[in-house]
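Hi,

Here is the structure I promised to pass on.

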Amino acid sequence: MIALILIGGLGTRLRPFTCDIPKPLLPVVNRPFLEYQFSILKKHGIRDVVLCTSYKPEVFRKALGDGRTLGLRLRYCHETRPLGTGGAIKNAQHLLAGETVLALNGDVLNALDVTAFLRQHRKNQADLSIALTRVKDPTLYGVVETEPSGRIRKFVEKPSWDELESNTINAGAYLFEPSVLSRVPPGVNYSLERSLFPQLLAERARLFGYVSGGYWIDIGTVEKYLQVHLDILGGQTPFGKKGLSKGTGVKIGRDVTLDHHASSIVLGRGTVVKDFARLSGHICVGQRCEIGKGASLEDCVVLDGTHVGDGARLERCVVGPGVRIGAHAVLGRGVALAGNSQVKPYSQL
Ligand code: GDD
Ligand code: MG
């Protein structure tokens, strides 16, 4: 089976990190996010993957190439202007060989059982199947109502609270038959969620939901990007392990506190942690970073090449790549600092 991944979004809710790196390539515990999706596809025997690009296509080609080193065959289908989720798939139709296709949003982490999903799709003789999950705030997603048989009755993208009838949402994975694509007009911006799904339902097409259990997150906001790290490092997903993990060339100074007994600390290749620094909670530090003398970090993500000054204090924030944080700076909850931003101590301003 061929898989298609939608990776053309601008990632606006994840700025500033997506100003240089598109969302599907942002590191998650020091691996490009898409690698998690690739590992799931490979587990289910899928090696043929079409990537639908729009924003920063050259960054994807440079990072992933033809996929050979990843054990995949990657093909790219580029939109010179964004065609929306439905238009992007239509644009790739010529690469899909007229078979059942698995389509994924490129920003969802979920250990989807693709084999069981396909089995259910076939059993239901569905035109289109949508993986579903349950969340606390469904208004941020596409809300799906199903009949007891699993047949989808209603799909409403990002409803307001007063329109809500269900906490079951579109998990961002679909199986569709090629016939469904004939409903999508070519060359125009067209949304799966706002146009195709409601249209197919109005035509009484066979749309079925498949509830995918287990861990699920859309990493599309800074808050969720930090959360996916905390969840992986906390052992709450099938994607990581607890404890201390150090890349090659990591240097740790004297009297450094690495409090990883109830949590995880990951230090990327070539990172230096200087004397008396204190790392607690869930911490992911990228490659070639420097954590200054006496600096203190709790529940943080520090991306590649970032320099945290002596005595700086960071809590529940995401910084980097390539950021220089001055000595004794204090970065509290929710801080998102990227690019060449500098945080200097008051004395140097
Ligand atoms: N190629 C291409 N072209 N890809 C696009 C385009 C486009 O014009 N627009 C968005 N995408 C990609 C994004 O890169 C992302 O991987 C995926 O499509 C979904 O877009 P998001 O912008 O992340 O959508 P969302 O999170 O608000 O909502 C979607 O995902 C939810 C689950 O996480 C919807 O599908 C919801 O119904 C769903 O519940
Ligand atoms: Mg999303």
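**What I found**

H229 is buried, with a relative accessible area of 1% (buried is under 20%, exposed over 50%, partly exposed in between, using a 1.4 Å probe and protein chains only). Before I go on, the ground rules: this is a predicted model, where local features need pLDDT of at least 70, side-chain atom pairs count only at pLDDT 80 or more, and totals for chains, interfaces and linings use all residues. Residues are numbered from 1 along each chain as its sequence is written, chains are lettered from A and ligands numbered from 1 in the order in which they are written, and side-chain values use heavy atoms, with hydrogens and water left out.

Back to H229, which belongs to helix 7 (residues 222–233). Helices (H or I, at least four residues) and strands (E, at least two) are DSSP runs, numbered from the N terminus. A polar atom of the H229 side chain lies 2.9 Å from the backbone oxygen of Y225. Leaving out residues up to four places away in sequence, H229 touches P27, V28, V29, C284 and V301; contact here means heavy atoms within 4.5 Å.

**The ligand**

What surrounds ligand 1? There are 27 residues around it, and the closest are D107, E157, N170, E193 and D218 (near means that a heavy atom of the residue lies within 4 Å). Helix 3 (84–91), strand 10 (152–157), strand 11 (168–176) and strand 13 (216–218) each supply at least two residues of that shell, and helix 3 gives the most, with three.

Oxygen atoms of ligand 1 lie 2.8 Å from a polar backbone atom of G9, 3.2 Å from a polar side-chain atom of R13 and 3.0 Å from a backbone N or O atom of G142. Taken alone, ligand 1 exposes 740 Å², and the protein buries 90% of that (Shrake-Rupley areas with a 1.4 Å probe; for residues, only the protein chains shown count as cover).

T139 is in the loop between strand 8 (128–134) and strand 9 (142–146), yet it counts as buried at 14% relative accessibility. Its side chain makes a polar contact with the side chain of D137 at 2.5 Å. That term covers a pair of N or O atoms within 3.5 Å; within protein, one must be able to donate a hydrogen and the other to accept it, and residues adjacent in sequence count only if both atoms are side-chain atoms. Beyond its neighbours within four places in sequence, T139 is in contact with K158, P159, S160, W161 and L164.

Y76, in strand 5 (residues 73–78), is buried too, with a relative accessible area of 15%. A polar atom of the Y76 side chain lies 2.7 Å from the backbone oxygen of G65.

Which peptide bonds are cis? One runs from R15 to P16, with omega near 15°, and another joins G320 and P321, with omega about -5°. P16 sits in the loop between strand 1 (2–6) and strand 2 (27–28), and P321 in the loop between strand 24 (318–319) and strand 25 (324–325).

Then there are positive phi values in residues other than glycine: N30 is near 65° and R288 near 50°. N30 is partly exposed at 27% relative accessible area, while R288 is exposed at 53%.

Cheers
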